[in-house]
Amino acid sequence: MRPEQAGLPPSGGRWQRATARFRNNASIWGLLEYGIGPLLAVVSTPLLFRQLGSVGFGQYAMVMALAGFGNAANIGAAVTATRLVWEKRQEEDGPYRGPPISAALIASALAFVTVVAVIGIGITLAMGDSLTFGGIKVSTLAVPALAMYLCQQLDQLFTGCLKGREDFQTTAICETLGKTATLAAACATAALTHSAAWASTAQALGLLLTAMLKMNLFARTSGRQIVWPKSDRKEMSSAFRFGGWSWFNSLSALAYGSVDRVLVGAFLGPTILAIYTVGAQVGQIIHTVTVALFQKAMPMVSRMTTAAKGDMRAAAQTIRKLLVTNLMLSAVMTAGVMVFSHLILRLMLSADLAEAHLPLFQLLVVASGLLSLNVASHFSLLGLGNSKAVALLNGGAGLVSLLALWLLVGPLGESAAAWARILYSAVTLGGVWLVLRYLHGSIVASRPATAG
């Protein structure tokens with residue numbers, strides 16, 4: 001009897017089953033979602049550099065760095081939205097009830113950052129021409145940086161909502177189309193105006209439109225068009241407590257994605273900041289690939305430890321395989337980028353800059369390769385329920401890297417920027433040691449006592 005004769009849906013052919021598996025494969029869509037940003041950044045960098053010049057591109061990098069300072073007020077609302085949507089997905093209209101709480105948290109954070117930023121911009125304006133970067137006032141860069149931060153937070157919120165619904169395909173497609181259009185707008189604006197401020201403003205508007213699209217796609221599943229913030233003190237307090245360690249992680253991102261670039265620009269100038277940014281972008285591809293491939297370690301390890309009932313030997317074997325695979329993959333990708341590092345830098349910037357600053361670029365690639373070694377261990381720690389260790393490792397690494405940059409920039413010059421990132425990576429590798437120590441202790445504890 002065929003399935004349709006028994007009242008069941010048709011089984012479909014091999015092509016239909018393969019297509020269904022592809023649509024539901026979180027790893028494939030995760031690779032696209034996480035990889036499209038760094039890939040587009042690498043593609044757009046030569047276009048922006050040729051329209052803005054080395055100084056202008058350094059100013060553009062400074063806008064991105066200033067926008068990252070808003071992470072000090074990132075209270076984990078996007079992560080909380082993912083959790084709330086996922087937990088209530090089986091309830092009637094359940095997925096929609098969580099995002100308004102996260103939206104209210106985001107709105108509070110955005111209002112706070114806006115007030116602080118406006119005060120800061122007012123102070124820089126009062127200082128007149130004494131505070132400049134690359135020949136223009138810092139306030140000119142601070143305004144698009146604020147717009148970039150506000151739009152990024154909205155975009156991340158509704159990305160979290162889609163992930164909570166486990167709609168990985170829609171999330172990845174939105175990320176791909178949105179980031180492509182956004183960077184295309186930035187490149188086109190740079191070609192028309194040759195201004196870093198206007199190019200970054202166009203990028204912020206593109207992010208805002210992408211965020212609105214994601215919000216609409218999410219809300220439509222509940223018969224709505226938009227998500228309105230809902231102020232509920234009790235629910236907001238509960239959501240904030242859940243996102244607390246995510247907030248701490250976002251603070252560590254300040255050191256590695258904002259403060260470091262501001263210091264590099266202040267100590268070494270816009271041209272070196274441009275080289276630093278390009279090196280970080282190329283190296284980020286290595287890290288992004290490992291994140292996309294090993295993000296499944298968190299739920300996998302969580303399930304195995306729950307089912308282990310004290311015997312961690314099977315989980316330990318799986319985690320060790322993940323660590324070894326992570327090591328081999330990171331080593332191969334880093335070596336591949338190093339082989340073509342001179343060609344990559346020539347294509348992205350110029351022959352003169354490639355000749356003068358190739359050692360700095362190569363050190364930055366090595367730093368990213370080292371950082372990618374910790375991906376499997378950090379996701380394993382999260383799966384083991386130790387998010388605190390990940391947050392403390394990232395935060396401590398950020399402080400170490402900033403201190404190293406400050407101390408080494410005098411004796412080492414521009415290479416200090418790369419060595420600071422290498423030290424950041426070295427500290428985060430403590431996650432591997434923590435995982436192995438935890439597994440060793442668990443296995444020893446699970447062994448039956450031998451008769452004396």
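Two residues are in contact, or touch, when they have heavy atoms within 4.5 Å. In this predicted model, the sense of the word matters for L364, which touches I275, Y276, G279, A418 and R421 when residues up to four places away in sequence are not counted. The chain has 452 residues, of which 47% count as buried, and its secondary structure consists of 19 helices and 2 strands. Among the contacts in the chain with a separation of 6 or more, 80% come from residues 24 or more positions apart.

- L364 belongs to helix α15, which covers residues 351–372, and it counts as buried because its relative accessibility is 0%, where the cut-off for buried is under 20%.
- Although L364 and Q284 are 80 residues apart in sequence, their C-alpha atoms are 9.9 Å apart in space.
- Two of the residues that L364 touches, Y276 and R421, are also listed with the residues closest to the centre of the largest cavity.

**The cavity**

- A search of the whole structure finds 1 cavity of 30 Å³ or more, and the volume of the largest cavity is about 50 Å³.
- The lining of the largest cavity is made up of 10 residues, and those closest to its centre are D260, Y276, A417, A420 and R421.
- Helices α10 (244–268), α17 (387–412) and α18 (415–428) are the elements that give two or more residues to this lining.
- Sorted by class, the residues lining the largest cavity are 7 nonpolar, 1 polar and 2 charged.

**Nonpolar cores**

- The largest nonpolar core contains 66 residues, and within it V278 and L349 touch the most other members.
- The most residues in this core, 12 of them, are given by helix α2, which runs over residues 26–68.
- Another core, of 15 residues, lies apart from the largest one, and its members include V291, F294, A389 and V435.

**Aromatic pairs**

- The structure holds 2 aromatic pairs, and one of them, formed by F49 and F57, is edge-to-face, with 6.3 Å from centre to centre and 70° between the planes.
- The edge-to-face label follows because planes over 60 degrees apart are counted in that way.
- Both F49 and F57 are buried, and together with Y60 they form one aromatic cluster.

**A strand residue and a loop residue**

- Which strand holds T132? T132 has its place in strand β1, which consists of residues 132–133.
- T132 counts as partly exposed because its relative accessibility is 41%, and this class lies between the cut-offs of under 20% for buried and over 50% for exposed.
- Once its neighbours within four places in sequence are set aside, T132 is in contact with K137 and V138.
- H194 is found in the loop that lies between α7 (168–193) and α8 (196–220), and it has a positive phi of about 55° although it is not a glycine.
- Most residues other than glycine have a negative phi.

Key:
Residues are numbered from 1 along each chain as its sequence is written. This is a predicted model: local features need pLDDT of at least 70, side-chain atom pairs count only at pLDDT 80 or more; totals for chains, interfaces and linings use all residues. Side-chain values use heavy atoms; hydrogens and water are left out. Rings of Phe, Tyr and Trp (its six-membered ring) pair if their centres lie within 6.5 Å; planes under 30 degrees apart count as stacked, over 60 as edge-to-face and the rest as tilted. Buried means under 20% relative accessible area, exposed over 50%, partly exposed in between (1.4 Å probe, protein chains only). On a 1 Å grid over the protein atoms alone, a cavity is a set of points where a 1.4 Å probe fits but cannot get out, and a pocket is an open set with protein on both sides within 12 Å along at least five of seven lines; lining residues have an atom within 4 Å of a point. Grid points are joined across faces, edges and corners, and a volume is the space filled by probe spheres set on the points. Helices (H or I, at least four residues) and strands (E, at least two) are DSSP runs, numbered from the N terminus. Ala, Val, Leu, Ile, Met, Phe, Trp, Tyr, Cys and Pro count as nonpolar, Asp, Glu, Lys and Arg as charged, and the others, Gly among them, as polar. A nonpolar core is a set of buried Ala, Val, Leu, Ile, Met, Phe, Trp, Tyr and Cys residues joined through side-chain atoms within 4.5 Å.
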